[in-house]
Amino acid sequence: MLNAKNCQEIILSHGFHLVGFTRPEISEETSNHFLSWLENGYDADMAWIRKRTDERIFPEKYLDGIQTVIVIAKYYKNIKLSNEIKFSSYIRGQDYHDLFKKELKKISLELNKTYGEDYTFRGCVDTSPILERAFAQQAGVGWQGKNGMIINEKHGSYFFIGEIVTDIASDFYNTASPDRCGTCTRCLDACPTDAFVKPYVLDSNKCISYQTIEARGALGDNVELSDWAYGCDICQEVCPWNNENDLLQNMLYEGEHFTDNLSLAEILQLDEEGFRTKFKKSAIKRIKREGLIRNALIIWQENRSLVDANYVKRLFNDENKNIQFYARKALELDVGDN
Ligand code: B12
Ligand code: SF4
Ligand code: SF4
């Protein structure tokens, strides 16, 4: 039997801020919400979510004999900069996937030492086929707000979530966090693209975060990025539970980081080598130079005074054909077939 108190101490000693324990059950209500989200096509082109629907709804298909989901969270320091272009705070520093994977591995090894090699302790973060937010709410880490984010009553929503899933039962399970959104609708009202179909339900097709991070290839003609080059924080910025003065120890991204003062001109001048070097440790590498320049060109199209058109024209001869296409499109030249 897992000693939850001892396990929590181990996890906190690795620099995490929140820990909660829940049984590996997805309620019928949650699974219906998830399935109708998919049915409505709100997952846009993220086919990887659909591919592993079963494991998300039936966690025992993900880990045979699963008994406990230990939800682990770490806060990052959000800052609102007055840059000409915006980056979501979560991308400011080192890729959190790498950090979580490394630490969860160490914790799993410690737990195996204590409880024996017969048990499995599997670290997950973001990409595993798990409904992380459903488990986080069940584990008392926070409630799922109308903006979809898990919000902790004391410290708000600027944190990452990971899990250790295991086939050992725990001597303690948390109770779910109650919803504290009340009559507030600030996030729904502030979303610049009206991405919320209704409270708690996000249509990814309309979300700037989806368009800038997940969408591949050319973006639709009507896509608006409202100056966001990577991700979007608006529905968190307006949430009254996010208090900027509420700082914790060991927050990720304490100092200044490479996206903090990045200008549009700088992005448009990055070559492949420059991009690789600058974003070696950042999750931005996921969208590649092509994706970042695509986003930057759309921002420029929305506000041409940001940088001289020559920066865009230079890209007509770029080594990457898609970038040539985005640049011509930004200048509204005849782009032909891509
Ligand atoms: C796909 C994905 C996205 C997609 C889709 C977002 C979405 N709302 O699902 C896009 C690219 C848009 C995205 C954006 C962002 N994401 Co994201 N994303 C994910 C990912 C990989 C899967 C989420 C998923 O399964 N979605 C499917 C939906 C249906 O599931 P859900 O959000 O859990 O939805 C529940 C509710 O919608 C509810 N529900 C549905 N209908 C209804 C109706 C009613 C009436 C009610 C009450 C409830 C309800 O039930 C659903 C099932 O539990 C998770 C990691 C993971 N493995 O879970 C990270 C994750 C959710 N993302 C995260 C982050 C940080 C973000 C961004 C803030 C990044 C940014 N700054 O740009 C934005 C926030 C956008 C937003 N407001 O949600 C964090 C959230 C941390 C937290 N504190 O909550 C996660 C957990 C990653 C991590 N490991 O830290 N993301
Ligand atoms: S991340 Fe931005 S675009 Fe997406 S729902 Fe929130 S406010 Fe809207
Ligand atoms: S802004 Fe208001 S409605 Fe939206 S998540 Fe925060 S408290 Fe809930």
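Predicted model: local features only at pLDDT ≥ 70, side-chain atom pairs only at ≥ 80, totals over all residues.
Domain bounds here come from an automatic or database domain assignment.

**Entry: the domains.** I looked up the bounds first. The assignment for the protein chain gives domain 1 as 4-166, while domain 2 is made of 186-246 + 255-330. I then checked the spacing: the C-alpha centres of domain 1 and domain 2 are 25 Å apart. For the contact itself, I noted 40 residues from domain 1 and 50 residues from domain 2.

**Entry: buried area.** How much area is buried between domain 1 and domain 2? I got about 3,800 Å², with carbon and sulfur atoms giving 55% of that. Next I asked which three residues supply more of domain 1's share than any other three. They turned out to be F87, R92 and K146, which supply 18% of the area that domain 1 buries against domain 2.

Entry: The rule finds 2 of them across the interface of domain 1 and domain 2. I looked at R92 with D260: this pair forms a salt bridge, and the closest N and O atoms are 2.9 Å apart.

**Entry: the domain 1 side.** I checked strands too. Strand 3 (86-87) and strand 5 (143-144) each supply at least two residues of the side of domain 1 that touches domain 2. Sorting the residues of that side of domain 1, I have 16 nonpolar, 13 polar and 11 charged.

Methods:
Residues numbered from 1 in each chain as written. Chains lettered and ligands numbered in written order. Heavy atoms only, no water. Contact = heavy atoms within 4.5 Å. Buried area = accessible area lost by both parts, 1.4 Å probe. Salt bridge = Lys/Arg side-chain N within 4 Å of Asp/Glu carboxyl O. Helix = DSSP H or I, 4+ residues; strand = E, 2+ residues; numbered from the N terminus. Nonpolar A, V, L, I, M, F, W, Y, C, P; charged D, E, K, R; others polar.
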